[in-house]
Each structure stands twice: as structure tokens, then as C-alpha cells.
Amino acid sequence: MLLGPALGVSAILFSLGVAGVLLRRNVIIIFMCIELMLNAANLAFVAFAQQLGPEGQVIVFFVMAVAAAEAAVGLAIILAIFRHRQTVDLGDINLLRG
Amino acid sequence: MLELVFWFFSAAAIVSAFLCITRRSAVASALWLVSTLFDLAAIFVLLDAQFIGVLQVLVYAGAIMVLFLFVIMLLDLGREGRTDMKGSVGQFVALALGVGLVVELWVLKRVMDAEGGFAAQTAAFQLPEGELARMTEAQGAIGIIAAPLFRQYLVPFEVTSVLLLVAVVGAVVLAKRRL
């Protein structure tokens with residue numbers, strides 16, 4: 001019965017991901033923190049799947065596919081921004097600020 | 001024994017995640033994140049999700065993190081520049097919100113325990129103890145995922161393939177200088 005401990009670890013990892021997003025200004029590291037949050041959610045799904053049947057693992061499969069798509073598009077956007085502004089620092093990227 | 005291994009990998013995952021969000025160099029952060037992902041793969045195996053553990057290593061640590069490291073190399077961000085941490089106010093807000101989130105989730109668990117706990121609330125759908133491990137033995141680690149994936153979740157599976165195609169096309173359009 002590792003459900004409780006696994007959910008605790010999942011909560012801590014998710015919170016670390018949130019703290020990372022708020023703490024850093026480097027876009028790539030913020031992106032990695034988002035991956036960390038997705039993984040924390042995956043851990044919760046797998047922990048519940050052990051109790052409630054293998055459908056939870058199927059959901060993890062979908063989350064991984066979405067994460068892969070997100071990484072490909074997100075990193076392409078970062079490349080495009082870097083080409084125009086020569087920076088990955090969110091403090092310097094303020095195109096939408098009025 | 002199982003719990004000891006679980007706690008070992010959990011501690012390693014949390015420490016690696018903490019180092020991932022505090023290292024100054026992007027490469028160091030990426031490598032600590034790889035370490036977290038490996039620890040999570042081990043935890044997945046302990047939770048009777050062997051195939052997901054393998055996918056975690058192959059897809060996350062193998063493919064996605066290599067993509068990250070490739071972009072870091074391409075943009076030449078490897079050397080340690082000035083720190084990109086926010087100032088002391090930003091650090092305090094991040095810490096407060098992070099701790100607040102953990103406390104919120106802990107309160108949620110306490111509420112659930114007060115109402116009889118997860119086991120009592122989901123007794124109707126719950127598998128018997130060790131049932132998933134027995135199913136894995138009977139159908140194979142891939143079989144227990146493949147059967148629902150290709151029957152119950154066939155439409156989402158096909159939508160995922162379209163999503164991946166869109167992502168590939170989108171990445172090419174965004175990253176190409178001129179089409």
C-alpha cells in the first residue's frame with residue numbers, strides 16, 4: 001500500500017515545479033519545471049492505477065504524448081524568440097506589455 | 001523492503017528536483033531533471049507500472065531531455081552567466097506559494113481521511129489487494145495497457161496521433177527561418 005506516500009511525493013514534486021516556475025527567469029528552465037509538474041501528475045495517476053485498475057496507466061501514456069508534443073512546439077517557439085531577441089530571459093521578453 | 005526502496009528513490013527524486021530548480025546553469029538543471037525522471041521511473045516500477053517505467057526512461061529521459069539539451073547547446077546557454085533567479089521578493093513568493101500548495105494538498109488528504117479515507121470512498125471500484133500485479137503476470141506488462149488503449153481508448157489514441165503530427169508540423173514552421 002504505497003498510495004499515500006506516492007501521493008505525498010507527487011504533491012511535493014508538483015509544488016517544487018510551481019516554485020521553479022515562479023523562481024526562475026530562464027525560459028528553458030521554466031519549461032523543464034513544467035515537465036516536472038507533468039511528471040508529478042503522472043506519479044499520482046500511476047499510484048491510483050495500482051488501486052483502481054490499469055486505465056490510469058493508459059492516461060499516463062496520453063500525458064507523455066502530450067508532453068512530447070508540447071516540448072517540440074515550445075522549444076521551437078523558444079528558438080524563434082531567441083533568433084529575434086538574442087535572449088531567453090523572461091524579464092527581457094516583453095512584447096505583449098503595453 | 002519495498003517501502004525502503006520506495007523511500008530511497010522518493011528522497012532522490014525530491015532532492016534532484018530541488019537541485020533542478022536551484023542550479024544556475026541550464027545544463028546542470030537539465031541533468032538534475034534527468035535524475036528526477038530516472039528516480040520516478042524506478043517508483044513507477046515499484047507501483048506495478050513496469051511498461052510506464054520503461055516509457056519514462058525511453059521517452060522522457062531519452063527523447064525529451066535530449067531535445068532540451070540540444071536546444072541549450074544550440075542557443076549556447078551552457079556556461080554560467082548572471083543568475084536568472086528572481087530577487088528576494090520573488091524568491092519569497094515562490095517559496096510561500098510552493099509551501100502553501102503542499103499544505104493545501106495535505107489538508108485535502110486530512111479531509112479525505114476524516115470522511116473515511118480513500119479506501120472507504122472508492123470501495124466500489126477498488127481492485128483487491130495485489131490484483132494489478134496478478135493481472136500483469138497473466139496478461140503481461142504491455143498487455144494490461146494495450147487492451148484498454150486499443151478498445152476503450154481507441155479514439156483518444158487516434159486523436160493523439162493527429163496531435164503529434166500537428167506538433168511536428170508546427171515545430172518545423174516555427175523553427176524554420178523562411179518557408
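## Close-up views of a predicted two-chain model

**View 1. The loop that holds B:Asp48.** B:Asp48 sits in the loop between H2 and H3 of chain B, where helices (H or I, at least four residues) and strands (E, at least two) are DSSP runs, numbered from the N terminus. This is a predicted model, in which local features need pLDDT of at least 70, side-chain atom pairs count only at pLDDT 80 or more, and totals for chains, interfaces and linings use all residues. Residues are numbered from 1 along each chain as its sequence is written, chains are lettered from A and ligands numbered from 1 in the order in which they are written, and side-chain values use heavy atoms, with hydrogens and water left out. The phi of B:Asp48 is near 65°, a positive value in a residue other than glycine, whereas most residues other than glycine have a negative phi. With a relative accessibility of 17%, B:Asp48 counts as buried, a class that means under 20% relative accessible area, while exposed means over 50% and partly exposed lies in between (1.4 Å probe, protein chains only).

**View 2. A:Gln86 after helix H3 of chain A.** A:Gln86 belongs to the segment that follows helix H3 (55-85) of chain A. Although A:Gln86 is not a glycine, its phi is positive, at about 55°, and the residue counts as exposed because its relative accessibility is 55%.

**View 3. A:Ile34 and the residues it touches.** A:Ile34 lies in helix H2 (residues 27-52) of chain A and is partly exposed, with a relative accessible area of 28%. Leaving aside residues up to four places away in sequence, A:Ile34 touches A:Val21 and A:Glu70, contact meaning heavy atoms within 4.5 Å. The C-alpha atoms of A:Ile34 and A:Val21 are separated by 7.4 Å, and these residues are 13 apart along the chain.

**View 4. The contact between chain B and chain A.** Chain B gives 76 residues to the contact and chain A gives 68 residues. Across this interface the rule finds zero salt bridges, a salt bridge being a side-chain nitrogen of Lys or Arg within 4 Å of a carboxyl oxygen of Asp or Glu.

**View 5. Confidence along chain B.** Chain B averages a pLDDT of 86, and 96% of the residues score at least 70; pLDDT is the predictor's confidence in each residue, from 0 to 100. Within chain B, confidence is lowest in helix H5 (residues 117-121), at a mean of 69, and highest in helix H2 (residues 26-46), at 93. Where pLDDT is low, the predicted coordinates should not be read in detail.
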